Amino acid sequence: MKKNKYNISIIGTGFVGLVSSAVFAHLGHNVLGIDIDEKKIQSIKKGKVPFFEPKLEDLLKQGLKNKNLDFTTDFSKIKDSDIIIISVGTPKGKDGHVDLSFVFSAFESILPFAKKDAIVAIKSTVPPDTISKIKQKFNKQIQEKNLHLVYLPEFLKEGSAVDDTLFPDRIVIGSNDKYAIDILKDLHKPLSKNILVVKPESSQLIKYTANSYLALRITYINEIADICEKVGADIQEVIKGIGYDKRIGHHYWYPGLGYGGSCFPKDVKELALLSKDIGLKNNIIQKIDEINSKRIDKIIKKIERIIGSFENKTIAILGLSFKPNTNDTREAPAVHIIPKLLDKKAKIKAYDPMAHIDIKDNNYTQKQSIEKTIENADIIFILIEWPEIINYNFPYTNKKVIFFDSRNQFNKQDIEKKGYKYIGIGR
Ligand code: UDX
């Protein structure tokens with residue numbers, strides 16, 4: 001049943017769902033985005049993206065204008081969909097494991113309306129036994145409609161989500177169902193030459209392994225940075241030196257305050273738990289999260305050793321999102337650091353070009369500019385490498401202000417020439 005244009009429904013209008021909806025519409029398919037949040041849908045229908053993601057608004061508006069992209073809360077409208085993609089959230093549950101209730105309820109909501117032979121692709125990041133669990137719960141209805149359940153993991157990064165979806169490194173289809181595989185290969189043909197068809201379980205392991213390996217890489221370089229500080233080496237020189245080894249490379253090696261965001265912390269925890277559940281003890285995956293979650297306390301202690309105490313110090317925090325080009329603050333360094341510094345009786349002024357952190361405390365304010373934030377600060381914390389922050393021409397000072405460059409973005413000599421005391425990571 002290969003077609004030029006597929007009818008696609010995408011359940012969930014978060015980062016993954018909304019970007020995928022706009023991209024498949026851009027490729028000419030008829031796309032319906034569905035969410036249970038009426039207010040959000042109304043706003044998306046007007047062309048408003050509910051978060052900051054470069055290039056997405058243009059693509060969304062283009063699809064709405066071309067009338068091959070629409071949004072609704074009404075699940076009955078999926079009745080003509082050839083492909084239904086589930087991309088709802090999978091937050092961390094109470095027991096530490098990922099909470100699959102949104103995936104199950106999305107599946108239950110589509111069941112009465114899905115047409116016979118529809119493909120149901122799970123894009124949400126889920127443990128490898130999720131399709132089996134869905135089949136156990138809804139076996140009768142799945143059989144009656146001959147639904148084709150597959151995994152279709154997503155690898156996009158926030159901040160470059162549109163390009164990552166238009167030009168993905170690879171597409172992974174987790175299935176052994178020939179009908180679904182042929183159609184999904186056809187759908188993704190314009191996007192990538194690297195379309196991998198693998199066992200369903202392997203596809204989710206690919207997703208978890210990729211994320212936990214990248215998290216491990218960050219954790220590893222952060223540990224090496226600590227060694228550099230003790231032995232008088234410079235982590236940036238070490239990275240340069242190791243990177244020429246083609247097996248290692250120069251990319252994705254930036255030391256800092258540890259990884260954050262909506263995926264790495266959650267996915268590393270899930271893989272660690274999964275490995276524990278199957279009887280593996282003390283493996284490296286279980287250590288990644290433990291080390292990463294202690295990183296901020298370690299760095300605060302390091303700065304405290306240099307300055308004495310944070311009490312009554314005015315601290316300018318620059319960068320509140322978890323990385324540049326997004327207003328997402330989930331597991332951002334600022335979210336962890338600010339309350340700790342407030343506990344230590346510091347006065348915080350914060351700035352971010354896009355993100356906002358609302359803290360009700362007389363000692364916390366968010367300012368509208370870098371200039372206002374650093375005014376009279378005793379310490380400047382560069383938390384996120386937003387272009388506006390790293391290109392800012394910091395003024396000369398005669399107060400020996402501490403300049404903490406947590407992303408190693410500045411030249412130590414240049415900053416010290418201006419009168420600051422520079423502290424980097426691993427140097
Ligand atoms: C990540 C994966 O990269 C993506 O493939 C997956 O689909 C979702 O999770 P994302 O969370 O958007 O994407 O951001 P990414 O750019 O990978 O950064 C994740 C975290 O690692 C951020 O906190 C970032 O600051 C940190 N990081 C990244 C480092 O500390 N050092 C690095 O070298 C790279």
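Q: How far is an oxygen atom of the ligand from an N or O atom in the side chain of arginine 407?
A: The distance is 3.4 Å, and a polar contact is a pair of N or O atoms within 3.5 Å. Within protein, one atom must be able to donate a hydrogen and the other to accept it, and residues adjacent in sequence count only if both atoms are side-chain atoms. Backbone N or O atoms reach the ligand too: one of glutamate 158 lies 2.7 Å from a ligand oxygen, and one of tyrosine 254 lies 2.7 Å from a ligand oxygen.

Q: What should I know about the model itself?
A: It is a predicted model, where local features need pLDDT of at least 70, side-chain atom pairs count only at pLDDT 80 or more, and totals for chains, interfaces and linings use all residues. Residues are numbered from 1 along each chain as its sequence is written, and side-chain values use heavy atoms, with hydrogens and water left out.

Q: How many residues surround the ligand?
A: A residue is near a molecule if one of its heavy atoms lies within 4 Å of it. Here 18 residues surround the ligand, and the closest are Leu156, Glu158, Tyr252, Tyr254 and Gly260.

Q: How do I read a sheet?
A: Strands of a sheet pair through backbone hydrogen bonds, either parallel or antiparallel. Strands (E, at least two residues) and helices (H or I, at least four) are DSSP runs numbered from the N terminus, and two strands pair if DSSP finds at least two bridges between them. In this structure, an open sheet of 6 strands has the order E11-E10-E9-E12-E13-E14, with parallel pairing. Strand E11 (364-366) and strand E14 (421-423) are at the edges with a single partner each, so one side of each has no neighbour in the sheet.

Q: How many bridges join E10 to E11?
A: Strand E10 (residues 347-351) is joined to E11 by 3 bridges, and the two run parallel. Lysine 349 has threonine 365 in E11 as its bridge partner.

Q: What does phi tell me about a residue?
A: Most residues other than glycine have a negative phi. Lysine 345 has a positive phi of about 70° although it is not a glycine, and this lysine 345 lies in the loop between H12 and E10. Asparagine 408 also has a positive value, with phi near 50°; asparagine 408 is found in the loop between E13 and helix H15 (412-417).
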